[in-house]
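This briefing is intended to be read beside the sequence and the 3D structure. Please keep both in view while working through the points.

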Amino acid sequence: MSCRAFLSAAMLAVLFSVVGTTAEAQIDFVTHTIDTELTRGYQTVVVDLNRDSRPDVIALSTRLPDLVWYENPTWQRHVIASNLNRMINAAAYDIDADGIPELALAHGFATSHDESLGIVSVLTHQGDSRHLWTIREIDRTPTAHRLRWADIDGSGSKVLVNAPLVGAKSTRPNYYDSVSLLWYEPDDWERRVVTDEERGVIHGIGAVSWADPTRDAVLSASFLGVHVHEFTNGRWIRTRVTAGGSSPWPETGASEVQVGQIGSERFVVTIEPWHGHQVVVYRVQEGSSQTTWSRRVIDATLEDGHALLVADFDGDGRDEIIAGERRGRQSVYLYQLGEKSSGWTRQLVDDGDMAAAGCAVSDVDGKNRLDIVCIGTATANLKWYENVSP
């Protein structure tokens, strides 16, 4: 069955026995609009760009030529770089430890090798981050799609991980080809390979604490499911976490992945399949090893699910899940686990005015509560959602 197939009344009844529509203790948000003219907004990065200890907001659009940031708290708009084409992803890390991060940027994006330049660049401020930054191209890997910084060896220094979307021989609709996950060290920017074993589409990656809490592992979500990549003794070890959805190719595997905590217990959450309709939680089965995960679909009503994150918004030691869809209802949802771990409830964060391609979490207003920042594609907007819960 297609990931966009119609859900029957019976299927919906089963679904909402797992996911209620009202949380046991609702987490309250107040919506603030930052911009409404971000055509095909795609990603937001929340990071301090002017050394004032307040997180600013970088907004990235696939259709606009300017990479811009908004200064907290007035949300004054500044241009980082101009005359760019089809920006698709950015990641921030302070390479030179001067208090303002450098930005890695993937641009010149398209979904096929023939049409994609796949430029990976590094942008650096010139003393005043409100003025134009310098931009240096470090590589070209067609369909470069996701960038993340990761401390892979516990040294405190990070490397850049680059996930192209598809392989050189991939064609619609199956995209059946191998695709490499790549990495770079900032001292030479030489292209290195994490793995050549991925297939189909790699859509989501993340840097997370996994087996070794002193270093980052890299998670990938692809048509082959979710894998963890750990850098050990100078080489990468790739381990499958879950195969993800089991529908026939190409509606298999996973699209996005995040890792959360329920007390001391780790869980994995995905959107399945690619740009899919399901929010899925994986938890270690009781009495099993750490490699045996139970799969639970907590929502199957998204349309073009794209944004996914986890955070503890109410401070109870159990992470909530945020998911956003680019089509359908064009809304953002929060999922909260019941007090006795009996099931996940769902509440609306934004009802119909946020086609969320990307969201980020940060204490935006300095009130010691985690807030949400989202950017929309069809809605072309940028908002932050102030956490006003007690």
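The points below are grouped by topic.

This is a predicted model, in which local features need pLDDT of at least 70, side-chain atom pairs count only at pLDDT 80 or more, and totals for chains, interfaces and linings use all residues. Residues are numbered from 1 along each chain as its sequence is written, and side-chain values use heavy atoms, with hydrogens and water left out. Helices (H or I, at least four residues) and strands (E, at least two) are DSSP runs, numbered from the N terminus. Buried means under 20% relative accessible area, exposed means over 50%, and partly exposed lies in between (1.4 Å probe, protein chains only).

**The disulfide**

- A disulfide is a covalent bond between the sulfur atoms of two cysteines; here the term is applied to a pair of cysteine sulfur atoms within 2.5 Å.
- The search of the whole structure finds 1 disulfide, which joins Cys359 to Cys374 with an S to S distance of 2.1 Å.
- This bond links distant parts of the chain, since Cys359 is in strand S27 (residues 356-362) and Cys374 is in strand S28 (residues 371-376), 15 residues apart.
- The torsion about the S-S bond of Cys359 and Cys374 is about 105 degrees, so the disulfide is right-handed.
- Cys359 and Cys374 are both buried.

**Salt bridges**

- A salt bridge is a side-chain nitrogen of Lys or Arg within 4 Å of a carboxyl oxygen of Asp or Glu, and the search of the whole structure finds 22 of them.
- One of these salt bridges joins Lys383 and Asp350 (2.9 Å, N to O).
- That pair links distant parts of the chain: Lys383 belongs to strand S29 (residues 382-387) and Asp350 to strand S26 (residues 344-350), 33 residues apart.
- Both Lys383 and Asp350 are buried.
- Lys367 and Glu386 also meet through their side chains in a salt bridge (3.3 Å, N to O).
- The pair again links distant parts of the chain, with Lys367 in the loop between S27 and S28 and Glu386 in strand S29, 19 residues apart.
- Lys367 counts as partly exposed because its relative accessibility is 46%, whereas Glu386 counts as buried because its value is 11%.
- Salt bridges that share partners join Glu185, Asp188, Glu190 and Arg192 into one network.
- Arg54 forms a salt bridge with Asp52, and the closest N and O atoms are 3.3 Å apart.
- Arg54 is partly exposed at 39% relative accessibility, and Asp52 is partly exposed with a relative accessible area of 25%.

- His78 lies in strand S6 (residues 76-81) and counts as buried, at 6% relative accessibility.
- A polar contact is a pair of N or O atoms within 3.5 Å; within protein, one must be able to donate a hydrogen and the other to accept it, and residues adjacent in sequence count only if both atoms are side-chain atoms.
- The side chains of His78 and Glu71 are joined by a polar contact of 2.7 Å.
- Contact means heavy atoms within 4.5 Å; leaving aside neighbours within four places in sequence, His78 is in contact with Leu67, Val68, Trp69, Glu71 and Arg130.

**Asp94 and its surroundings**

- Asp94 lies in the loop between S7 and strand S8 (102-107) and is partly exposed, with a relative accessible area of 21%.
- Not counting residues up to four places away in sequence, Asp94 touches Gly99, Ile100, Pro101 and Glu102.
- A polar atom of the Asp94 side chain lies 3.2 Å from the backbone nitrogen of Asp98.
- Asp94 and Thr124 are 30 residues apart in sequence, and their C-alpha atoms are 9.6 Å apart in space.

**Pocket and cavity**

- On a 1 Å grid over the protein atoms alone, a cavity is a set of points where a 1.4 Å probe fits but cannot get out, and a pocket is an open set with protein on both sides within 12 Å along at least five of seven lines; lining residues have an atom within 4 Å of a point.
- Grid points are joined across faces, edges and corners, and a volume is the space filled by probe spheres set on the points.
- The largest pocket has a volume of about 1000 Å³.
- This pocket is lined by 36 residues, of which the closest to its centre are Arg148, Ile205, Gly206, Gln258 and Cys359.
- Strand S3 gives the most to the lining of the largest pocket, with 6 residues.
- The structure holds 1 cavity of 30 Å³ or more, and the largest cavity has a volume of about 30 Å³.
- Leu38, Ala59, Leu60, Ser61, Leu64, Asp66, Val68 and Arg77 line the largest cavity, and strand S4 (residues 56-61) gives the most to this lining, with 3 residues.
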